[in-house]
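Reader: I have a few questions about the words used for this structure. Could you take them one at a time?

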Amino acid sequence: MKIELISVTPNALELLLYTKQTRLQGEQTLNEIINTPMDEKLDDLSYVKDTIKSSWEFVTYVFKISGVSRAFTHQLVRTRNASYAQETQRAVDVRDNKWIGISSDKYSEAQLEEYDNAMQQSMNWYEHLIENGLEIQDARGVIPTNISTSIIAKFDLRELHKMAELRLCTRTQGEYQKVFEEMKREVVKVHPWAEDMIQVFCANHGS
């Protein structure tokens, strides 16, 4: 699994404050906010965190997520307020793609070995079908759901906030939780001020 933050909104904090102020008929320009001392901007941000989140939608993050299962990406794209570009199986031969194994201590070694054998058999059949004349777009029907894939995804800060409430929860499927933890880590690297805005439900609501 590899999570890369490949694009962020320039002057994100300042734009966040500016769009909130514009809604309230503020008189400061964006450049004036950019040149405001950081401690003052963080004071203003404390207000933004506790009010209507429409201004959060102006701050966006684009991630490249690779080495994850297609089962995970099926879950990810259920998030509607986002944009996606995913590796295709219709035109790309994925015979060399690995699959994502099960990382759980609730299964025996025999069960895990059986799982890996089943995955290998599926990929063997995929290769066999292609070598015997099936087009890639037809042979892909036998590819296991946990085949590795990559996807580019764009979210705004408001959507990340909503996703965090659910996806940082321990009830979330393990791979999704790990991916989102890494996404949050990448965001906080560039925007430390955003950490409190990307929290699990119990942290946001005190329960």
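Reader: Why is M183 called buried?

Author: The model is predicted, and its values are computed from that model. M183 has a relative accessible area of 1%. Buried means under 20%, so M183 is buried.

Reader: Where is M183, and which residues does M183 touch?

Author: M183 is in helix α8. Leaving out residues up to four places away in sequence, M183 touches I3, F63, I65, F155 and L160. I3 is 180 residues from M183 along the chain, yet their C-alpha atoms are separated by 6.5 Å.

Reader: What makes T79 buried or exposed?

Author: The relative accessible area of T79 is 9%. The cut-off for buried is under 20%, so T79 counts as buried. T79 lies in the loop between α4 and β3. Apart from neighbours within four places in sequence, T79 is in contact with Y84, F155, E159, M163 and Y176.

Reader: What makes a set of residues a nonpolar core?

Author: The residues must be buried, belong to a list of types that includes Ala, Leu and Trp, and be joined through side-chain atoms within 4.5 Å. The largest such core here has 35 residues. Y61, F63, I65, L157 and W193 have the most contacts inside this core.

Reader: Which element gives the most to this core?

Author: Helix α8 does, with five residues.

Reader: What does Y61 touch?

Author: Beyond residues up to four places away in sequence, the contacts of Y61 include L5, V8, F155, L157, L160 and W193.

Reader: How many residues does the second core have?

Author: The second, separate core has eight residues, among them V94, M123, I130 and I147.

Methods: Residues numbered from 1 in each chain as written. Predicted model: local features only at pLDDT ≥ 70, side-chain atom pairs only at ≥ 80, totals over all residues. Heavy atoms only, no water. Buried < 20%, exposed > 50% of the residue type's maximum accessible area, 1.4 Å probe, protein only. Helix = DSSP H or I, 4+ residues; strand = E, 2+ residues; numbered from the N terminus. Contact = heavy atoms within 4.5 Å.
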